[in-house]
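Dear colleague,

I am handing over the structure we spoke about, and below it you will find my notes on what was found. Please read them with the model open beside you.

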Amino acid sequence: MAREQDLRARPAPNRPPRLTSRRIGIHTSTAGGVFNAAERAYRLGCNTLQIFSTSPRQWAPYELSGTQCAEMSRLRSLYDLKPLVIHTNYLVNLASTNELFLRKSVEAFRGEVERALALCAEYLVLHPGSFRGADRERGLLQTAAAIAAASKDLDLVKGGLTILIENTAGSEFSLGGSFEQVAEVVDRLRGIVPIAACIDTCHTHVAGYDMVSEEGIYQTLQHLDETIGLNNIKVVHCNDAKAARGSKLDRHQHIGKGMIGKQAFRILLNDLRLAHAAFIAETPIDKPGDDRSNVAALKRLVV
Ligand SMILES: [Zn+2]
Ligand SMILES: [Zn+2]
């Protein structure tokens, strides 16, 4: 609570934040209430943000009283924050083979969609899940069916909300380790719910794609375009990687300080085919100010 008061008491930065032609932000804490995230993101120099609308590793959702759309929209237009991206709780597994767990996940994901609509978010990011106990193909089918079931009778089109399937590190039973798997879920849901994709640079690297050499990065982009389609990538999670290419180990690192390096971020941020996307860091905070410096690092890479 004390931290919240400090946040408000601190004067806004005198220097206007550096403006870039790209939407750049960071996953932002909602401590003290969901609206504090907008204020925080602005003060970190962002013009877009990602939040959790619930505690990321617990089932119990935050209480959102009625529609929060008006207040969130007011803050977002005041601070020029768009889009608003919500990341789904990590417990949700729509590919689960356990019936009870699946039911719980579908229910929880429906809650995610409802809260995203109540906050007037543009995007809701979801990992496609883990297929332990089944096979990959059935897992992908089930995830797509579960997304459709969870969104039934909720008007995402009217709410301007699109669900984004995120690629993953591809460890063991997790779905989404290849662009083809993400594309399959997206393709299956086309015409059923507004659907597109989120690409995470760290996941891409540890899943085995080349994000390091210039030639390799362009090949990876080409592959992305041929599978998911660059126009369908609405959010890029900008994370450097602590682990080696192909290791399947998902450990995020500060921008330019990991195994990926700055080049991939420079190329992605400046490629006009991705100019529509929001670039959002999910980098660690090892010491105070790391969030601000990762946002600044991304902004400096925009030519
Ligand atoms: Zn991510
Ligand atoms: Zn990750």
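In helix α4 (residues 99–118), the buried residues are Ser105, Val106, Ala108, Phe109, Gly111, Glu112, Val113, Arg115, Ala116 and Leu117, where a residue is called buried if 20 or more other C-beta atoms lie within 10 Å of its own, exposed if 12 or fewer, and partly exposed in between, with the C-beta atoms placed from the backbone. Helices and strands are DSSP runs numbered from the N terminus, a helix being H or I with at least four residues and a strand E with at least two. What covers the buried residues of α4 includes β3, β4, α5 (136–150) and α6 (156–159), and contact here means that the C-beta atoms of two residues, placed from the backbone, lie within 7 Å.

This is a predicted model, in which local features need pLDDT of at least 70 and side-chain atom pairs count only at pLDDT 80 or more, while totals for chains, interfaces and linings use all residues. Residues are numbered from 1 along each chain as its sequence is written, and chains are lettered from A and ligands numbered from 1 in the order in which they are written.

As to its length, α4 has 20 residues and reaches 28 Å from its first C-alpha to its last, close to the 28 Å expected at 1.5 Å a residue, the expected span being 1.5 Å times one less than the number of residues. After α4 comes cysteine 120, whose phi is positive, near 60 degrees.

Together with β3 and β4, α4 makes a right-handed β-α-β unit, right-handed meaning that, with the strands pointing away from the viewer, the path from the first strand over the helix to the second runs clockwise. Strands β3 (residues 84–87) and β4 run parallel and are joined by 3 bridges, and strands count as paired if DSSP finds at least two bridges between them. Histidine 87 has valine 125 of β4 as its bridge partner. On its other pairing, β4 joins strand β5 (residues 162–166) in the parallel sense over 4 bridges, with leucine 126 partnered by isoleucine 165. Within β4 (residues 123–126), Tyr123 and Val125 point one way and Leu124 and Leu126 the other, and all are buried.

Strand β1 (residues 23–27) is mostly covered, with 5 of its 5 residues buried. It runs parallel to strand β10 (residues 278–281) over 4 bridges, and to strand β2 (residues 48–51) over 3 bridges. Glycine 25 has isoleucine 280 as its bridge partner in β10 and stands opposite threonine 48 in β2.

With best wishes
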